[in-house]
Amino acid sequence: MSPGYTLDHIRVLKLLENNSSFKKEDLRKNTGLQPVRLYRVITRLLIDGLIEKENKDGAEYYKITEKGREYLRQLREVLA
């Protein structure tokens with residue numbers, strides 16, 4: 001697991017954990033992140049395998065992977 005995730009990374013993961021999937025525009029609205037910052041966060045999470053992208057009806061959606069869920073579980077254990 002790659003270290004160094006920011007609160008922005010965690011916020012995106014938590015949003016995806018609680019929902020089946022999100023469009024990039026909806027992630028931006030729900031996080032308040034600027035487009036460039038959100039792009040960087042999404043790219044890092046995709047590369048590290050914590051989220052995945054799927055195409056539905058010509059739109060890009062993002063959802064958390066099992067690896068992403070496990071990362072959040074471990075984070076909760078550390079913070080408990």
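Leaving aside neighbours within four places in sequence, Leu 38 is in contact with Val 12, Lys 24, Leu 27, Arg 28 and Leu 33, where contact means heavy atoms within 4.5 Å. This is a predicted model, in which local features need pLDDT of at least 70 and side-chain atom pairs count only at pLDDT 80 or more, while totals for chains, interfaces and linings use all residues. Residues are numbered from 1 along each chain as its sequence is written, and side-chain values use heavy atoms, with hydrogens and water left out.

**Leu 38**
- Leu 38 is found in helix H3, helices being DSSP runs of H or I with at least four residues and strands runs of E with at least two, numbered from the N terminus.
- Leu 38 counts as buried because its relative accessibility is 1%, and buried means under 20% relative accessible area, with exposed over 50% and partly exposed in between (1.4 Å probe, protein chains only).
- Although 26 residues separate Leu 38 from Val 12 in sequence, their C-alpha atoms are 8.9 Å apart in space.

**Helices H2 and H3**
- The axes of H2 (residues 24-31) and H3 (residues 35-47) come within 10 Å and cross at roughly 110°; axes are lines fitted to C-alpha atoms, for helices over the stretch in contact, and angles run from 0 to 180 degrees between N-to-C directions.
- H2 and H3 are therefore roughly perpendicular to each other, a term for angles of 65 to 115 degrees, whereas under 35 is roughly parallel, over 145 roughly antiparallel and the rest oblique.
- Where the two helices meet, Lys 24, Leu 27 and Arg 28 come from H2, and Pro 35, Leu 38, Tyr 39 and Ile 42 come from H3.
- By class, the contact of H2 with H3 has 5 nonpolar, no polar and 2 charged residues.

**The nonpolar core**
- The largest nonpolar core has 19 residues, and those with the most contacts inside it are Val 12, Leu 13, Leu 16, Leu 27, Leu 45, Ile 51 and Tyr 71; such a core is a set of buried Ala, Val, Leu, Ile, Met, Phe, Trp, Tyr and Cys residues joined through side-chain atoms within 4.5 Å.
- At least two residues of this core are supplied by each of helix H1 (7-17), H3, strand S3 (59-64) and helix H4 (66-79), and H1 gives the most, with 5 residues.

**Helix H1**
- Since 8 of the 11 residues of H1 are buried, H1 is largely enclosed by the rest of the structure.
- The buried residues of H1 pack against strand S1 (22-23), H2, H3, strand S2 (51-56), S3 and H4.

Notes:
Ala, Val, Leu, Ile, Met, Phe, Trp, Tyr, Cys and Pro count as nonpolar, Asp, Glu, Lys and Arg as charged, and the others, Gly among them, as polar.
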